Amino acid sequence: MKILCLRCKNIHSLKGEHIIHFDQPPLSEAGLFAITGPTGSGKSTLLDVITLSLFNKIPRFTETGKETVTKNEIERAGSVMTHHTDHSYAEIDYEADGKRYRSTWTISKTKNGTLRDYEMTLATLPEKEFFDLKKSQVPTKNEEILHLTYEQFIRSILLSQGQFAKLLRSDEKERARLLENITGTSIYRRLGKVIYQKARSEEKEHELLQKELDLMPRLTEEEVAFFQSQTSELEDQLSRLSAEADGVLQNIERHKQYLGIKAALEKDSSELQILEQNLRDLEHVVVKLQQHEQLQPLHGTFALWENAGKQCHVLETEIDRTLQKKSLAEEKLGSALEQVEMLTGSKSTLQNFTDLLSEFVEKVRAVDNQLEQVKSKGTEARERINAFLSAQSEPEMRSLQNLPSLEDAHAKVKDMLLVMILQEQYTELSDKEIASRIGIYQEKLPSLAREREACRQRDEWMKSLEKLEEEVELLQKQASTLEEQQQKVVSEAQKVRIEYVETKTQKEKLFHAKDLDSYRELLSEGNPCPLCGATHHPFEDHAFQSEYGKLSLRHDQLEKLLSETEKSQQYLEKEIATRQAVLKTHLVRTSEIQSQIEAFSRDWPQIVGSEEADQKWTEANEELALLQSEVHQRTLNSLFSQFLELEKEVTKLREQYIEIGKARKDLCQTSDVVSFAGSIQKIIQTAKVEVHTAEIELEQKQLQRNNAKQLWLTSQKQLMTQLQALGYHTPEEAAAHMMESGEYLSYKENLETLLQKKTEALTRKSTHQKQLEEIQNMLLQNDTAPEEWQKLSDQLQQQLRELAQQLVAGKSKLEDNQKQQLIFQSKKAVLNERIKRANALIHLDRLLGDAEGNKFSKFAQNLSLQQLISLANKRLAKLTDRYTLVPTDIELDMRISDLYQGGIKRSVKTLSGGETFLVSLALALSLSDMASHNVRLDSLFIDEGFGTLDNETLDVAIASLEKLQSETNRTIGIISHVESLKERMSTQIKVQKNSHGYSHLVIE
């Protein structure tokens, strides 16, 4: 993986747009470069841009595992997006597996100032074909392309020695935590916890299943035999009582049948009376049915007569409708011919309207052709103007392209010409003389700028030197004051410690005396002590407790005071050391600045003052600007004249187009005259057809009406002959006695239904009479009352229910016991199978599991540590020939082998700051090798850590990194604010901070 280019806008303190090309000089040629700048200027922001654009994460944004950047996180923390800006983005171009890609992260605000959600895209280069991905899928796709997860990426490409320095000097717990974070082995801790939790969960499940088996209710063999015997006896009793109860129920049923048949017989009689009354009520319907049946043979003739009359009425209506259609078509035809006359100005008839329309269309077409020709010329003239404007590089000419109309461009040119005339300050020099003078000033300005910048640099050094001298004086005073305070605190602590020891000794003596308190309870007035025989007891007034309490209180006060003085002593020691370290740094920096000022005086012996250098540079710039302005004005004057000539031609063509267009509008306002004329012609043709069609239809309807009327008269005459024979005088009179088919069938069906129901009722009455007589004969054989039979039946049913309940209860217990036995065997088999399956998990828990996951985590960390130390020693050998790391357990302090002292092993905490840096750098580079595996990495960034090195060690570190760069051909960037490092690195990305807190990038 190789980083080619970084782009960002408004990220942290980098306000505005910034771009870094790692694939272009000078960075592509350097290989090893520095990213420098003051603290807080935004050096590490460049690393944030990389991870943000690839993974939407920033390692230092939040705690480990929660590095993802969200809209809510940005609003809460107030970071990532530069303050008072509305849009931010981070973009990276990188190469992987021979292909190039561009990954982009963006975020912006709405018009109301609220933050939109972020967006991410991924595209191939140079095609810029975007992957069809959701924003949440882009980080995963980048990991797939890079063959590195986010955690592997930040451990293999973005290195920080700070973590490894902590790792070397930390205690056991802190060392384990740091190594876990650095190597990404936290998964083994989680696995150890999961194994432990699953094993405990499985054991609890086993216990619950066993308890459930123990508590399951089951019958003994004796109880089963008892319930089986009881069930058999109850079944025999139920059989005997059921037979007796059936006989009693049979007699009760006979009494019920007698009463039911008697009630049915009474119902039959009532139903017959109702049916006979209904038949009497329908006697008039019988007469009506007879009249209808008499006229039934004439139904066909009646229908023919009625249909003929209806058809006559319908045809009369249709004839009136056809006359209306004909009238409307004639009106439409006349209106269309009038429209032709108005359009052409000539008399229009059905014979000549086609010729008139054709002549009119040709006339309009001729005018349209003239308009098209003028329009084409105008378009060509406008294109010439556009081509002329596009070819110009001056902003004033290019701005004319963005104006909405040519009139606006003409007005703007006139205004600019007027301004140029009013401000005209032309010299008498020729164009060639002006060009020569411009060349002279352009050659002179760079040397003036260098002289000006050199003066400014000298002034800054002088100011820095004065400031450092003031700070050195202040630090020396502060260190002296702190040393005096330290001496006082040491003296006070010595006094407190002496009193503390004395108080502690007195307290212990009294404490031993206090051990006899339990015997004091045995003392009584006038009796001798059981221990010593004395009758006087000096501690009876509890003076001991009072003295011991005072000593305890003073002891606690002294202990607290001693702790506070020790803390004060430690604080003062730390403050003194801090002041001395800063003082040392300031003195070194003072010496460096003095050397730089001396070197400056040697390099610029004849240099002028800053104000004079600024004035010379400003005057040259102003003179150059005036000459360039005159050249620009002369050029614009010529271009404006050319533009106005081209615009004059367009204006002339526009006036001609308007004049012809007015004539066209007076002739015809319709744009498509051919379609318009065709529509009029179509209306006339359609109206002619409609008139002709209506005339034919009218003749047909009149003929049909005459035929229908003749049929009606004939059928009426035939019908009257038959009706007179039946006593009717008119067809209407006979029609009054005829019924509708549905009505006739309904009445007839109703009458037949009543007659059938009467027959059925008579049959049922006869049957019920016979059944009643048979049951009466059977009841006479036994004179027991129905109430007695019912009482005896209730008693038998009660006995049967009680026996049935006893029988069901016994069978239920036997069935439940059988089910419980099956469930017990099934659950026992499940428990045995689960125990068998859990054996592997229990065994794994004994090896790797515990509540905190420490066991498996330590095992994995030890393996990672051994591999890391092995790889680090290979790296360390290139950095120093004195030390190697000793393989050790994670729970023990890390040690080094000092080869200069016979291979003696000692703690890494004894290393100096520079030596610690070299070991940390070796560990960091080795972790990069572990994290990347077989992935080729062509980019590497190392963040801070060089401030602890002396000049010689710094040279070794840089030489080692240069060797690493040459061997692997990587692009290596070192982030630091150390001045000596800046001087050793010829290629730098400088992050320069302004007075507003924002920064910009300078690549040198």
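In helix H2, Ser-53, Leu-54 and Phe-55 meet Val-138, Pro-139, Asn-142, Glu-143 and Leu-146 of helix H4. Sorted by class, the residues in this contact are 5 nonpolar, 2 polar and 1 charged. The model shown here is a predicted one.

Two packed helices are described by the angle between their axes and the distance between the axes. For H2 and H4 (residues 138-146), the angle is about 105° and the axes lie 7 Å apart. Angles of 65 to 115 degrees count as roughly perpendicular, and H2 and H4 are therefore roughly perpendicular to each other.

The next topic is the nonpolar interior. In soluble globular proteins, nonpolar side chains tend to be buried together. In this model the largest nonpolar core has 47 residues, and the members that touch the most others are Tyr-94, Trp-105 and Phe-153. Which helix gives the most to this core? It is H2 (residues 45-55), with 7 residues. There is also a second, separate core of 31 residues, with Ala-34, Tyr-883, Ile-896 and Phe-917 among them.

Is Glu-91 buried or exposed? Its relative accessible area is 12%, and buried means under 20%, so Glu-91 is buried. The side chain of Glu-91 makes a polar contact with the side chain of Thr-104, at 2.7 Å. Beyond its neighbours within four places in sequence, Glu-91 is in contact with Cys-5, Leu-6, Arg-7, Val-49, Ser-53, Arg-102, Ser-103 and Thr-104. Ser-53, in this list, is also one of the H2 residues that meet H4.

His-18 belongs to strand S2 (residues 14-21). With a relative accessibility of 10%, His-18 counts as buried. Its side chain reaches the backbone oxygen of Lys-15 at 2.8 Å. Where else does His-18 make contact, leaving aside its neighbours within four places in sequence? The residues in contact with His-18 are Leu-6, Arg-7 and Cys-8, together with Ser-999, His-1000 and Leu-1001. Leu-6 and Arg-7 are in contact with Glu-91 as well as with His-18.

Along the chain, Ser-568 and Gln-486 are 82 residues apart, while their C-alpha atoms are separated by 8.3 Å.

Notes
Residues numbered from 1 in each chain as written. Predicted model: local features only at pLDDT ≥ 70, side-chain atom pairs only at ≥ 80, totals over all residues. Heavy atoms only, no water. Helix = DSSP H or I, 4+ residues; strand = E, 2+ residues; numbered from the N terminus. Buried < 20%, exposed > 50% of the residue type's maximum accessible area, 1.4 Å probe, protein only. Polar contact = N/O pair within 3.5 Å; in protein donor to acceptor, adjacent residues only side chain to side chain. Contact = heavy atoms within 4.5 Å. Core = buried A, V, L, I, M, F, W, Y, C linked by side-chain atoms within 4.5 Å. Axes fitted to C-alpha atoms, helices over the stretch in contact; angles between N-to-C directions. Parallel < 35°, antiparallel > 145°, perpendicular 65-115°, else oblique. Nonpolar A, V, L, I, M, F, W, Y, C, P; charged D, E, K, R; others polar.
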